[in-house]
Amino acid sequence: MTFLDSVNTCLKKTLTISGRASRSEFWWFQLSFFVIGLIVGLIVAALGADSTLASIIGIIFALYVIVGSIASFTAGIRRLHDTNSCLLYTSPSPRDYAAS
């Protein structure tokens, strides 16, 4: 799966937790989410906190982070399905807390 295919698939399946996600789909989306966040963060930092444009970009970026976080979470669940696991395998059990 190519980079753009992976990003498009994850964004189209933002609210879908059924099915499977390939390794490339999951990691390409994670990489794009990180790189876009890094670039936007640098742009806002360069504009300065008092800039109106920085505030507008910040609001748009906040919406992107909300949608991207949901898409990342559901892609992670679909990736777990691909490895024949489920979300319950990743949640901590009381035994984990007792050991600490």
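Helices here are DSSP runs of H or I with at least four residues, numbered from the N terminus. By that numbering, L53 falls in helix α3, which spans residues 52–82. The model is predicted.

**Packing of α1 and α2**
- Helix α1 (residues 3–12) and helix α2 (residues 23–47) have axes that come within 8 Å and cross at roughly 90 degrees.
- Because angles of 65 to 115 degrees count as roughly perpendicular, α1 and α2 are therefore roughly perpendicular to each other.
- On the α1 side, the contact involves F3, S6, V7, T9, C10 and L11; on the α2 side, S24, E25, W28, F29 and S32 take part.
- Sorted by class, the residues in this contact of α1 with α2 are 6 nonpolar, 4 polar and 1 charged.

**Nonpolar surface patch**
- F3, L4, W28, L31, F34, V35, L38, I39, L42, I43, L47 and L53 form a nonpolar surface patch of about 1100 Å².
- Helix α2 provides the largest share of the patch, with 9 residues.
- At least two residues of the patch come from each of α1 and α2.
- L53, also part of the patch, lies in α3.

**Salt bridges**
- The whole structure contains 2 salt bridges.
- One of them joins the side chains of E25 and R78, with an N to O distance of 3.3 Å.
- This pair connects distant parts of the chain, since E25 sits in helix α2 and R78 in helix α3, 53 residues apart.
- E25 is also among the α2 residues that meet α1.

Definitions and conventions. Residues are numbered from 1 along each chain as its sequence is written. This is a predicted model: local features need pLDDT of at least 70, side-chain atom pairs count only at pLDDT 80 or more; totals for chains, interfaces and linings use all residues. Side-chain values use heavy atoms; hydrogens and water are left out. Axes are lines fitted to C-alpha atoms, for helices over the stretch in contact, and angles run from 0 to 180 degrees between N-to-C directions. Angles under 35 degrees count as roughly parallel, over 145 as roughly antiparallel, 65 to 115 as roughly perpendicular and the rest as oblique. Contact means heavy atoms within 4.5 Å. Ala, Val, Leu, Ile, Met, Phe, Trp, Tyr, Cys and Pro count as nonpolar, Asp, Glu, Lys and Arg as charged, and the others, Gly among them, as polar. Patches are made of residues with over 30% relative accessible area and no salt bridge: like charges are joined within 9 Å, nonpolar side chains (Val, Leu, Ile, Met, Phe, Trp, Tyr) within 5 Å. Accessible areas come from the Shrake-Rupley method with a 1.4 Å probe; for residues, only the protein chains shown count as cover. A salt bridge is a side-chain nitrogen of Lys or Arg within 4 Å of a carboxyl oxygen of Asp or Glu.
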